[in-house]
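Q: I have not looked at this one before. Can you walk me through it?
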Amino acid sequence: MSHEEKLTQLRRYFHTSGKRYTVEREHMLDVIAEMEGTFTIVDLFKVAKAKGFVHAASTLYRNLFIFIDSGFITERHLSGGRVEYETNTGQNAFLLCVGCGTLKKMRLPKEFKAMQEELYKKHKMMPVAYNYLQKGYCSKCQKKIAK
Ligand SMILES: [Zn+2]
């Protein structure tokens, strides 16, 4: 997605949700666009600060929901209260063990993609974000349960 397309997506979100468009929020988009794969809020703040866009972590926290809601990043709640973020959502699927916290990342199966497209089409939705976090117990933890 080009920068112009990203701006269009962000402006579309502001227009439909009634949220205010600010230069600060546009700068946050520039920072988020630089993030690769999974990252934490601390990683995001480091990049934002290095670019000179965001001076206070509170600004980042206060505006982060905009980028989650508009589909630029996915927020993933892991075990033990850990939270991670990811750009380019919809490419991977995750399996989280709620016992030991092991997170397995894999390419999203083709069948999932076909199903999601069908679902969006059926409900006349324009897709912006996908979340494929499945929770369960891994084989090691299942052995503990059996004891
Ligand atoms: Zn486990």
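Q: What does the domain assignment give for the protein?
A: This is a predicted model. The assignment gives domain 1 as residues 3–76 and domain 2 as residues 90–146.

Q: How far apart do the C-alpha centres of domain 1 and domain 2 lie?
A: The two centres are 24 Å apart.

Q: And how many residues are in contact between domain 1 and domain 2?
A: Eight residues of domain 1 are in contact with seven residues of domain 2.

Q: What box do the C-alpha atoms of the protein fill?
A: Along the principal axes, the box is roughly 55 × 40 × 25 Å.

Q: OK, secondary structure. How many helices and strands?
A: The protein has six helices and six strands.

Q: In what order do the elements run from the N terminus?
A: Starting at the N terminus, the order is α-α-β-α-α-β-β-β-β-α-β-α.

Q: Let's take helices H3 and H4. At what angle do they pack?
A: Helix H3 covers residues 41–50 and helix H4 covers residues 57–69. They pack at an angle of about 120 degrees, and their axes are 10 Å apart.

Q: Is the crossing right-handed or left-handed?
A: H3 passes H4 in a right-handed crossing.

Q: Which residues make the contact?
A: From H3 they are Ile41, Leu44, Phe45 and Ala48. From H4 they are Ala57, Leu60, Tyr61 and Leu64.

Q: What is the contact of H3 with H4 like by class, nonpolar, polar or charged?
A: The contact has eight nonpolar residues, with no polar and no charged ones.

Q: Switching to strands. What is the order in the open sheet of three strands?
A: The order is S5-S4-S6, and the pairing is mixed.

Q: Which are the edge strands?
A: Strand S5 (103–107) and strand S6 (133–136) are the edges, each pairing on one side only.

Q: And the twist from one strand to the next? What does it average?
A: The twist averages 20 degrees.

Q: How do strands of a sheet pair, in general?
A: Strands pair through backbone hydrogen bonds, and the pairing is either parallel or antiparallel.

Q: Back to this sheet, then. How many bridges join S4 to S6?
A: Four bridges join strand S4, residues 92–97, to S6, and these two strands run parallel.

Q: What is the bridge partner of Phe94 in S6?
A: Phe94 has Leu133 as its bridge partner in S6.

Note on methods: Residues are numbered from 1 along each chain as its sequence is written. This is a predicted model: local features need pLDDT of at least 70, side-chain atom pairs count only at pLDDT 80 or more; totals for chains, interfaces and linings use all residues. Side-chain values use heavy atoms; hydrogens and water are left out. Two strands pair if DSSP finds at least two bridges between them. Axes are lines fitted to C-alpha atoms, for helices over the stretch in contact, and angles run from 0 to 180 degrees between N-to-C directions. A crossing is left-handed if the near helix is turned anticlockwise from the far one by less than a right angle, and right-handed if clockwise. Contact means heavy atoms within 4.5 Å. Ala, Val, Leu, Ile, Met, Phe, Trp, Tyr, Cys and Pro count as nonpolar, Asp, Glu, Lys and Arg as charged, and the others, Gly among them, as polar. Domain bounds come from an automatic or database domain assignment.
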